[in-house]
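Visitor: I would like a close look at a single part of this protein. Please take me through it step by step.

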Amino acid sequence: FESIDDIFMNLLGSINARISICTLAIAGPKDGRKVQVTNIPKWGWIDAEVLKEKFGFEKFFLLNDFEANGYGATFVDVEKSEDCVVINEGVQVSGGNKFIIGPGTGLGCAIIIYNKAEGDYNVHPGEGGHTEYPIVDEVDLRLKNFAIDYLKRVDNVEIDRVSVERLTAGPALPLIYEFFKLEHPELEVVLEAKSKKGEVSGKEILSKALNEKDP
């Protein structure tokens, strides 16, 4: 699609009903009623008021993607959902605060705070991925130094600090792969032989790990 308008025209043209309320969740920095799509720069800024008027919506809600994920998370019953895995055993506290985090192009996160006055949750998206990558042991230190060198050498990006999302989001997969290849030279290298460019992409790494169960 060349623009967000094309998506709305395509979607609304396929629905035999009048849509009066629209909620749009987009990955990107939000400024009031506008948002810029991180992965589609050519779309520019998306203006909720312009879309509301153009397509005749009575109400139009514009959310950050993790803001939407946060509201969705308030409806998940961790004790019943098959999509949940317990990391640390504990007891659920009614009205307790929650936190969600997830890797994509960056490292999205949001804090979910219970509002006693309203009897519901308020979601506040944040930029937790911009925090400093913590050094706990010697491997962490080597990874940080490797990341600084890798980003300069491969991506032509010069940095003097490494944020968490530099090493945990999707674009970091090739970096992590190259680092652990150096850390464990005794392991068999299986990806480069299949790569046409002689380089390994994040997509290839995920495909090998998920579909072929390659460690």
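Visitor: How much space lies in the largest pocket?

Guide: About 900 Å³ of space lies there. A word on the source: this is a predicted model, in which local features need pLDDT of at least 70, side-chain atom pairs count only at pLDDT 80 or more, and totals for chains, interfaces and linings use all residues. Residues are numbered from 1 along each chain as its sequence is written, and side-chain values use heavy atoms, with hydrogens and water left out.

Now the terms. On a 1 Å grid over the protein atoms alone, a pocket is an open set of points where a 1.4 Å probe fits, with protein on both sides within 12 Å along at least five of seven lines. Lining residues have an atom within 4 Å of a point. Grid points are joined across faces, edges and corners, and the volume is the space filled by probe spheres set on the points.

The lining of the largest pocket has 25 residues. Closest to the pocket centre are Val 76, Val 78, Cys 84, Gln 92 and Lys 98. By class, the lining holds 14 nonpolar, seven polar and four charged residues. Here Ala, Val, Leu, Ile, Met, Phe, Trp, Tyr, Cys and Pro count as nonpolar, Asp, Glu, Lys and Arg as charged, and the others, Gly among them, as polar.

The largest share, four residues, comes from β6. Strands (E, at least two residues) and helices (H or I, at least four) are DSSP runs, numbered from the N terminus.

Follow those strands into their sheet. Three strands form an open sheet in the order β6-β7-β8, and the pairing is antiparallel. Two strands pair if DSSP finds at least two bridges between them. β6 and β8 stand at the edges with a single partner strand each, so one side of each has no neighbour in the sheet. Neighbouring strands of this sheet are turned by 20° against each other on average, direction ignored. Strand β7 (residues 107–115) pairs with β8 over seven bridges, in the antiparallel sense.

Helix α3 (residues 65–73) touches β6, β7 and β8, where contact means heavy atoms within 4.5 Å. The direction of α3 makes about 150° with that of β8. Axes are lines fitted to C-alpha atoms, for helices over the stretch in contact, and angles run from 0 to 180 degrees between N-to-C directions.

Compare another pair of strands. β1 (residues 21–26) and β5 (residues 59–64) pair in the parallel sense over six bridges. The bridge partner of Thr 23 in β5 is Phe 61. Side chains alternate along β1. Cys 22, Leu 24 and Ile 26 point to one face and are buried. Buried means under 20% relative accessible area, exposed over 50%, partly exposed in between (1.4 Å probe, protein chains only).

Last, a look at helix α6 (residues 173–183). Its buried residues are Pro 174, Leu 175, Tyr 177 and Phe 179. Their cover includes α4 (138–154), α5 (164–168) and α7 (202–211). Ile 205 sits in α7. Ile 205 counts as buried because its relative accessibility is 14%. Among the residues that Ile 205 touches are Pro 174 and Tyr 177.

How values were computed
Lists of a residue's contacts leave out its neighbours within four places in sequence.
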